[in-house]
Amino acid sequence: FREDIEQSEAQIRKYSDHMKTQQEAKKNRVRVFGSFMPELLKKINDAYAQGRFKQKPRGPFGLHIKVKDPKWATVIELAIGGSMTNFVVNDTHDRSVLQELFRSSCPNQRDWPNLVAMKFRDDYYDVSSQKPQSNHPTLYDMLDIQDNMISNALVESFKMEQCLLIESSEEARKLIVGHAPRNVFQAWTLAGDDVRDRGAYSNDLSKKSFRYFQNDPSAAIEELNIKVRNLREQTALQRQNRTAVEREVGVVRGQYNTERNKQQAIKRQLAAVRTSIIELDNVEDAPLLDATAMEAEVQDYTQQLHNLEEKLAEHAQKERQYKEEYEEAGRVHAESIQRDSSITNKLEELKMKLHEGQRNSTKRHDVLEFVKRKKKTAMDEKKKCEREKKEKDVEINGAQGMAQQRCERVASARPAKDLEQQIRNMEIRIQQGTRSNVNVEDVSRRYHEAKTKYEEIKETVSKMKSFSKRLEKTLNDRQERYFKFRKEICIRLKYFFVMNLSQRGYTGKLDVDHE
């Protein structure tokens with residue numbers, strides 16, 4: 001009973017929302033496509049006047065469509081009704097601007113209309129070559145579409161020029177199932193059947209609510225009102241039945257307990273009588289007792305015992321009856337508990353999915369924060385390396401200035417060993433010159449100058465090698481961090497791309513060519 005009542009209440013809420021929408025649509029037809037739609041259309045007009053759109057978005061689709069024959073209205077809404085709130089935009093720029101307007105007009109993202117992006121043109125698609133050769137009208141023929149871009153978007157989405165409208169379900173099945181004619185994609189019947197080459201699918205139109213192509217919302221409002229009243233009466237009856245069953249279960253349980261207590265009391269009385277009979281049988285006959293009186297007393301006790309046994313049998317039969325009723329009530333109660341348990345399990349599964357989604361969202365947020373920290377670290381490292389490079393450039397320029405103060409810069413490709421050998425040769429020549437009356441002071445001065453210049457050059461070369469190694473290590477570290485950063489950015493880009501496709505019902509992947 002609880003599950004039936006919950007389903008009825010959910011259906012009442014659904015019909016009430018539809019009835020409220022129809023009542024609002026009676027005053028303003030735009031509200032049929034959403035309570036936020038009038039405000040959204042005003043914002044679109046203002047944004048277009050401000051030049052934020054390259055081309056003004058067209059929509060919602062249903063606002064620009066009329067059904068030529070009212071008898072096909074419900075079937076056509078069944079076929080393409082899911083796209084009646086859609087908008088068509090010129091490019092991705094206009095789509096981004098329109099999504100910003102969606103965000104300000106409708107906070108709940110699940111209620112946002114779908115967007116179709118296609119390049120705007122001034123004419124309708126020419127579908128004459130794609131229309132089937134048939135006496136039956138097509139879905140495209142039955143619609144009066146006042147906007148060419150909405151017409152083109154519906155042609156691309158539903159192949160309306162290849163959808164036939166056939167009144168008879170039997171005729172549609174004979175014509176299409178298993179051998180569809182050329183240029184026939186599917187057919188719809190007045191009964192709501194979807195007929196295709198691979199088979200036919202039936203739809204119960206009485207269980208569906210239609211709102212987009214209703215000429216007079218009053219009839220739809222009255223129909224929804226009747227459904228709501230019927231469902232409320234049905235819910236009230238179900239609640240009464242549930243209360244009656246619970247009351248009956250309580251009564252049966254009380255009767256069962258009462259009869260059980262009576263049966264136990266009778267068993268105790270019977271045990272007491274039997275005990276009395278056994279005690280009387282064991283007592284010896286007293287010489288002064290009257291035998292006739294004793295026999296009468298025995299007969300009296302025997303009669304009482306017989307009456308008690310009959311009452312015990314009667315109460316046992318009542319006990320079995322009440323036990324059966326109690327078991328039946330327990331079975332109904334167990335089924336109710338089982339339904340409650342099933343609903344509880346479904347609720348727990350939904351809670352687990354919700355927690356899982358929250359954990360995934362937190363994990364993605366942590367990954368994003370990690371990427372941001374990595375990016376900041378890499379930028380700090382880059383700035384640090386640039387500062388070190390500037391400091392080393394200053395040191396090199398200072399060392400070169402000091403060297404140029406002592407002597408002019410000499411370009412030489414000779415290695416250090418050759419220079420050391422030259423110095424040793426000069427020392428030998430100095431010693432030989434001393435022995436041969438050479439000016440030793442002049443030679444010594446030249447030697448010390450050459451040696452000082454050599455040591456300065458050697459120290460400068462050593463510093464340059466050390467700086468070159470540190471610079472090479474810094475550049476390698478920067479390159480490695482850049483590759484890691486680029487990898488994280490690619491992963492994030494692929495994730496957002498897949499999520500965007502998933503939100504629109506598509507699948508795909510993104511490959512990045514860094515070349």
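How many aromatic pairs does a search of the whole structure find? The search finds 5, where rings of Phe, Tyr and Trp (its six-membered ring) pair if their centres lie within 6.5 Å, and planes under 30 degrees apart count as stacked, over 60 as edge-to-face and the rest as tilted. The model is predicted, so local features need pLDDT of at least 70 and side-chain atom pairs count only at pLDDT 80 or more, while totals for chains, interfaces and linings use all residues. Residues are numbered from 1 along each chain as its sequence is written, and side-chain values use heavy atoms, with hydrogens and water left out.

Tyr256 belongs to helix α7 (residues 217–282) and Tyr326 to helix α8 (residues 291–406), so the pair ties together parts that are 70 residues apart in sequence. Helices here are DSSP runs of H or I with at least four residues, strands are runs of E with at least two, and both are numbered from the N terminus. Tyr256 is buried, at 12% relative accessible area, whereas Tyr326 is partly exposed at 33%; buried means under 20%, exposed over 50% and partly exposed in between (1.4 Å probe, protein chains only). Tyr495 and Phe496 make an edge-to-face pair, with 5.5 Å between centres and 70° between planes. Phe87, Phe102 and Trp112 form one aromatic cluster.

Now to the inside of the model. In the largest nonpolar core, which has 48 residues, Ile65 and Ile76 touch the most other members. Such a core is a set of buried Ala, Val, Leu, Ile, Met, Phe, Trp, Tyr and Cys residues joined through side-chain atoms within 4.5 Å. Among the elements that give two or more residues to this core are α3 (73–80) and β1 (65–67). Apart from it lies another core of 7 residues, including Ile166 and Ile176. In soluble globular proteins, nonpolar side chains tend to be buried together.

Helix α6 (residues 169–176) shows two sides. Its buried residues are Ser169, Ala172 and Ile176. These cover an arc of only 60° around the axis, which puts them on the same side of α6; the arc is that of the directions from the helix axis to the C-beta atoms. On the other side, Glu170 and Lys174 are exposed. The buried residues of α6 pack against β6 (186–188) and β7 (194–196), with contact meaning heavy atoms within 4.5 Å. Just after α6, Gly178 takes a positive phi of about 85°.
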